[in-house]
Amino acid sequence: MKVLRTVGELRETIDGHRSAGKTIGLVPTMGALHAGHLSLMERARRDNDIVVASVFVNPTQFNNPDDLSTYPRTEEADCKALESAGVDYAFIPSVEEIYPEPDTRQFDLGEVASVMEGAMRPGHFNGVAQIVSKLFEMTRPTRAYFGEKDFQQIAVIRRMASLEGFDLEIVACPIVRESDGLAMSSRNVRLTPEQRAAAPAIHRILAESVERAVSSTVAEVKKSVTEAIDAEPFMTTEYYEIVDPLTMQPTDSWMPPNGSAVGCVTVYCGDVRLIDNITYTKK
Ligand code: AMP
């Protein structure tokens, strides 16, 4: 695996492969890699001739300076993990390399970005659109890989790609969980042992609510899930919305226009912000 640190090196290297007719898979990450990230690398490895992973803690998507300064950074371990996952190129640029001047672009991300994370973290999705559009433009991949843990983010990236006219396939990959059900996240290392022991309740409560969806309304499930999470130690629900899987708009139906409803939650466990989601597929 080769580590690339400049945009020039990235462009030149990948342009060469593209001209030789190779397919290129891109996996954007912010590092502190875990098995969730590596599942995207493995899928990209299966689908493409060349795999590029980026590791870049993108400052423009952090609306909270503390979150940016406490975000874990583990470059050496990340490089080892990427190498074992069969990645060809790790793109690890500096902030100056990506933003030689401030990025003032404002994307018209529309309704998919106006709710949930978009409402709670002003500017977050615009920052995501800035970095992902730069990575798409620099790499011009055949396919790009994103995790369904950040369910709304995938809808926002699809919207950005269509606005900007990027010709690539966006591949959504399933959530990877710890054995106790907690969705893997780089932020999990910030949980105290007591908080870590409590955190699997999020997925447990969501999974139980899928069973109840058969006999309950959306409003009833929203209320009971929120109450159940808030009753757990350390936990405060920031939002729990049940939405259409494409438009991200809240729905009253388990089967909204674009497929099974998805429940998206953000929970503060102490001061660590955790997100998760579940699909309400009726059996
Ligand atoms: P991040 O480094 O948190 O920006 O995540 C980089 C990519 O990995 C995003 O597309 C995430 O959705 C994805 N990802 C993070 N955690 C998981 C997980 N537990 N399962 C699947 N994908 C994940």
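Predicted model: local features only at pLDDT ≥ 70, side-chain atom pairs only at ≥ 80, totals over all residues.
**Exercise 1. The ligand site**

*Solution.* Begin with the surroundings: 16 residues surround the ligand, and the closest are Met30, Gly147, Asp150, Val176 and Met184. Then turn to Val176, which places a backbone N or O atom 2.9 Å from a nitrogen atom of the ligand. Finally, consider Met184, for which a polar backbone atom is found 2.9 Å from a nitrogen atom of the ligand.

**Exercise 2. The side chain of Arg143**

Determine in which strand Arg143 is found, and trace the polar partners of its side chain.

*Solution.* First locate the residue: Arg143 belongs to strand β5, which covers residues 143–147. Then list its neighbours, leaving aside residues up to four places away in sequence; Arg143 touches Thr23, Ile24, Gly25, Leu26, Asp47, Asn48, Glu169 and Val171. Two of these residues can now be examined by atom pair. In Asp47 it is the backbone oxygen that lies 2.8 Å from a polar atom of the Arg143 side chain, whereas with Glu169 the polar contact, at 3.2 Å, is between the two side chains.

**Exercise 3. The packing of α7 and α8**

Classify the relative orientation of helices α7 and α8, and describe their contact by residue class.

*Solution.* Start from the geometry: α7 (residues 124–139) and α8 (residues 151–164) pack at about 55°, and their axes are 10 Å apart. The two helices are therefore oblique to each other, and the crossing is right-handed. On the α7 side the contact is made by Phe125, Val128, Ala129, Val132, Ser133 and Phe136, and on the α8 side by Gln152, Gln153, Val156, Ile157, Met160 and Ala161. Sorted by class, this contact has 9 nonpolar, 3 polar and no charged residues.

**Exercise 4. The packing of α10 and α11**

Carry out the corresponding analysis for helices α10 and α11.

*Solution.* Here α10 (residues 201–213) and α11 (residues 218–230) pack at an angle of about 155°, with axes 10 Å apart. As angles over 145 degrees count as roughly antiparallel, α10 and α11 are therefore roughly antiparallel to each other; their crossing is right-handed. Ile205, Leu206, Ser209, Arg212 and Ala213 of α10 meet Val221, Ser224, Val225, Ala228 and Ile229 of α11, a contact with 7 nonpolar, 2 polar and 1 charged residues.

Key:
Residues numbered from 1 in each chain as written. Heavy atoms only, no water. Axes fitted to C-alpha atoms, helices over the stretch in contact; angles between N-to-C directions. Helix = DSSP H or I, 4+ residues; strand = E, 2+ residues; numbered from the N terminus. Parallel < 35°, antiparallel > 145°, perpendicular 65-115°, else oblique. Left-handed = near helix turned anticlockwise from the far one by under 90°. Contact = heavy atoms within 4.5 Å. Nonpolar A, V, L, I, M, F, W, Y, C, P; charged D, E, K, R; others polar. Near = heavy atom within 4 Å. Polar contact = N/O pair within 3.5 Å; in protein donor to acceptor, adjacent residues only side chain to side chain.
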